[in-house]
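Take the points in order and keep the structure open as you go.

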Amino acid sequence: MSRQERQGTRTDWSGRRVEVILGNPAHGGFCVARFEGRVIFVRHGLPGERVFASITEDRGGSFCFADAVEILEASEDRVDPLCPVSGPGGAGCCDMSHASVPAQQRFAAAVVSEQLRRLGGVERDITVEEIPGGAPNGTLWRSRVRLAVDAAGSPGYRRYHSNDVVPELACPQIDAAAYRGLSDQVWRPGAELQVVLDANGDRHIVEIAPPVISGTGHKSPGRRGAAARRAATSAPRAEKVVEGSGRPVERVGDREWSVAATGFWQAHRGAPTTYSGVVAEWAQASEGSTVWDLYGGVGVFAASLAGQVGSRGSVISVESSRTAVEDGTAALADLDQISFRHGRVERLVGDLPAPEVVVLDPPRAGAGKEVVSAIAEAGPRRVIHLGCDPAAFGRDVGLYRAQGFELAEVRAFAAFPSTHHVECLALFTR
């Protein structure tokens with residue numbers, strides 16, 4: 001510890017360059033390092049590497065954040081980065097493209113295991129599984145992307161934790177056909193472009209107007225202007241279909257959906273089929289029973305469960321997006337046992353008939369105590385929970401266990417190759 005710290009004053013390390021050896025993976029794509037008594041969370045490195053790390057953020061206290069800017073001793077798992085726009089100081093897209101695919105999966109598995117242990121109170125070895133539909137090197141898996149437009153009207157990817165835009169369309173998560181001709185046009189500064197390559201191979205482009213702070217007319221500030229940004233993003237934003245119909249066609253099995261391009265659909269083209277298979281396998285819903293499909297979107301999981309409950313049963317999908325409810329109702333109109341309820345899950349679950357099985361795919365923040373408690377009170381035999389954030393997933397696991405559920409199964413999928421993100425599915429039983 002430095003003399004200034006022993007005397008109770010803090011030295012801001014921002015911009016400082018230090019030599020460290022990287023330790024275990026941490027949530028968010030970091031590796032843990034230690035220097036002069038403090039913990040440094042380092043991006044763009046791999047466990048065991050010796051690096052020069054540049055401090056990017058220091059708010060005081062016992063830890064700070066950094067990027068690995070020079071690799072002094074590389075891991076055997078390191079490969080040449082596949083994404084030319086990510087890396088230190090670059091776009092926030094492919095933050096693990098410097099690691100081999102097996103190393104990416106081991107990294108994510110270690111993080112999920114740690115979050116389950118620390119937040120869920122469960123010791124569980126995790127294996128991260130691949131999802132069909134992308135290239136073997138972890139590219140070309142994405143079916144849709146949202147691009148930012150800079151002040152000059154050029155599209156690109158936002159830098160990590162910034163509203164600054166890298167105006168180079170080269171990220172390999174999506175096929176180059178998605179980018180064709182976009183850089184030749186001048187777009188509305190501050191807008192976003194939703195680009196979708198649908199199941200038919202058709203491209204859809206929707207220009208989304210810049211966010212404004214309600215009542216001011218000013219553009220939203222950077223991401224760290226939290227209150228202003230919340231006000232901005234809560235207001236409706238005008239959308240303009242530039243190419244295609246704006247309604248991509250998507251398929252799971254032999255069923256087809258026509259969905260809003262700006263609505264929710266899994267980014268990985270193989271994810272809906274993979275998750276639906278797991279949900280159907282775990283649900284084991286009885287004929288004539290009731291199933292809840294919470295945060296149900298356009299009813300992908302509801303469709304996979306309709307056959308289990310049969311014509312005498314009921315699958316109730318609850319979804320807060322009115323557009324998703326309309327799209328799901330149209331796509332599944334032939335399945336009379338499926339009904340859609342529009343509204344927030346926490347407001348509606350108390351009025352639903354008791355379920356035998358509950359499926360839920362909450363937003364990144366997780367389901368939380370109120371929803372988990374309501375599910376427990378309803379008394380289902382089985383609960384299938386999806387989570388795209390390991391920390392939120394771990395917290396929810398702890399909440400279920402506190403309500404008397406047992407974590408019977410857990411699977412993790414590499415749903416976002418070349419990134420630190422991972423999708424987890426859990427089966428809870430009484």
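1. Let's start with an open sheet of 6 strands, in the order S10-S9-S8-S11-S12-S13, with antiparallel pairing. Strands here are DSSP E runs of at least two residues, helices are H or I runs of at least four, and both are numbered from the N terminus; two strands pair if DSSP finds at least two bridges between them. S10 (165-166) and S13 (239-243) are the edge strands, each with a single partner, so one side of each has no neighbour in the sheet. S9 (residues 155-158) is joined to S10 by 2 antiparallel bridges, and Tyr157 stands opposite Val166 of S10.

2. Before going further, a word on the source: this is a predicted model, in which local features need pLDDT of at least 70 and side-chain atom pairs count only at pLDDT 80 or more, while totals for chains, interfaces and linings use all residues. Residues are numbered from 1 along each chain as its sequence is written, and side-chain values use heavy atoms, with hydrogens and water left out.

3. Another open sheet of 6 strands has the order S1-S5-S6-S4-S3-S2, and its pairing is mixed. At its edges are S1 (17-21) and S2 (25-26), each of which pairs on one side only. S2 pairs with S3 (residues 30-35) in the antiparallel sense over 2 bridges, with Ala26 opposite Phe30.

4. Now look at S6 (residues 63-73) in that sheet. S4 (residues 38-43) runs parallel to S6 and is joined to it by 5 bridges; Val39 has Phe63 as its bridge partner. S5 (residues 50-57) pairs with S6 in the antiparallel sense over 7 bridges, and here Phe52 stands opposite Glu70. S5 and S6 form a hairpin with 5 residues between them, and Gly60 in the turn has a positive phi of about 90 degrees.

5. Where does Cys93 lie? You will find it in the loop between S6 and helix H2 (101-120). Cys93 is buried, with a relative accessible area of 11%; buried means under 20%, exposed over 50% and partly exposed in between, using a 1.4 Å probe and protein chains only. Leaving out residues up to four places away in sequence, Cys93 touches Cys83, Val85, Ser86, Tyr157, Cys171, Gln173, Ser418 and Thr419, where contact means heavy atoms within 4.5 Å. Arg395 is 302 residues away along the chain, and its C-alpha atom is separated from that of Cys93 by 26 Å.

6. Which residues have the most contacts inside the largest nonpolar core? They are Trp257, Tyr275, Leu332, Ile338 and Ile384, in a core of 40 residues. Such a core is a set of buried Ala, Val, Leu, Ile, Met, Phe, Trp, Tyr and Cys residues joined through side-chain atoms within 4.5 Å.

7. Finally, please look at how H4 (residues 271-283) packs on H5 (residues 300-309): the angle is about 35 degrees, with the axes 9 Å apart. Axes are lines fitted to C-alpha atoms, for helices over the stretch in contact, and angles run from 0 to 180 degrees between N-to-C directions. Pro272, Tyr275, Ser276, Val279, Ala280 and Ala283 of H4 meet Val300, Phe301, Ser304, Leu305 and Gln308 of H5. These contact residues divide into 8 nonpolar, 3 polar and no charged, counting Ala, Val, Leu, Ile, Met, Phe, Trp, Tyr, Cys and Pro as nonpolar, Asp, Glu, Lys and Arg as charged, and the others, Gly among them, as polar.
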